[in-house]
Amino acid sequence: MTPRRKRRLPQEAPSPPPLAPDAGEEAEAGSPERLYAVTGLHDGGRAQLDLVTLIVARSAPPPSGTPEQAAVLRLCSAPLSVAELSAYLDLPFSAMTALITELIGADLVQARAPIVRQALPDRTLLEAVMHGLQRL
């Protein structure tokens with residue numbers, strides 16, 4: 001007769017302590033309190049941005065800025081879309097637009113429309129290239 005193992009019963013995990021209203025950094029990454037603290041917008045006004053709007057930094061991060069603002073300014077030394085910034089900083093699009101709106105208001109970043117490439121090249125340009133090649 002082989003010894004029988006005792007069956008383990010699942011143990012309940014202790015419930016986490018409730019967060020204080022001013023927990024700030026200790027709050028969950030996706031909690032509304034943290035997003036409000038990141039954005040800091042009180043009036044609800046936001047710039048008209050979409051996922052492909054390019055953001056370019058105009059200056060270095062100021063010492064008085066938040067860590068998120070400094071991260072956006074460092075990342076945007078070369079143009080990046082709002083979607084890329086949102087992914088890199090792990091912030092939802094709504095929080096990212098609010099953060100960028102603050103930076104636009106402070107004149108620290110510039111929002112640009114994405115570069116749209118033409119489907120067909122201009123006919124006059126092609127003719128000028130063709131005539132230039134024929135002269136060679």
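Analyst: The structure holds two salt bridges. A salt bridge here is a side-chain nitrogen of Lys or Arg within 4 Å of a carboxyl oxygen of Asp or Glu. This is a predicted model: local features need pLDDT of at least 70, side-chain atom pairs count only at pLDDT 80 or more, and totals for chains, interfaces and linings use all residues. Residues are numbered from 1 along each chain as its sequence is written, and side-chain values use heavy atoms, with hydrogens and water left out.

Take aspartate 107 and arginine 58. Their side chains meet in a salt bridge, at 2.5 Å from N to O. This pair links distant parts of the chain, 49 residues apart. Aspartate 107 lies in the loop between α4 and β3 (109–112). Arginine 58 lies in the loop between β1 and α2. Helices (H or I, at least four residues) and strands (E, at least two) are DSSP runs, numbered from the N terminus.

How accessible are the partners? Aspartate 107 is partly exposed because its relative accessible area is 47%. Arginine 58 also counts as partly exposed, at 47% relative accessibility. The cut-offs: buried means under 20% relative accessible area, exposed over 50%, partly exposed in between (1.4 Å probe, protein chains only).

Serine 59 is in the loop between β1 (54–57) and α2 (67–75). Its C-alpha atom is separated from that of aspartate 107 by 8.7 Å, though the two residues are 48 apart along the chain. Serine 59 touches Leu73 and Leu108, not counting residues up to four places away in sequence. Contact means heavy atoms within 4.5 Å. At 33% relative accessibility, serine 59 is partly exposed.

Now the other bridge. Glutamate 127 pairs with arginine 123, and their closest N and O atoms are 3.1 Å apart. Both residues lie in helix α5, four residues apart, about one turn of the helix. Arginine 123 counts as exposed because its relative accessibility is 62%. Glutamate 127 is partly exposed, at 32%.

Helix α5 (residues 123–135) also holds valine 129. Valine 129 is partly exposed, with 44% relative accessibility.
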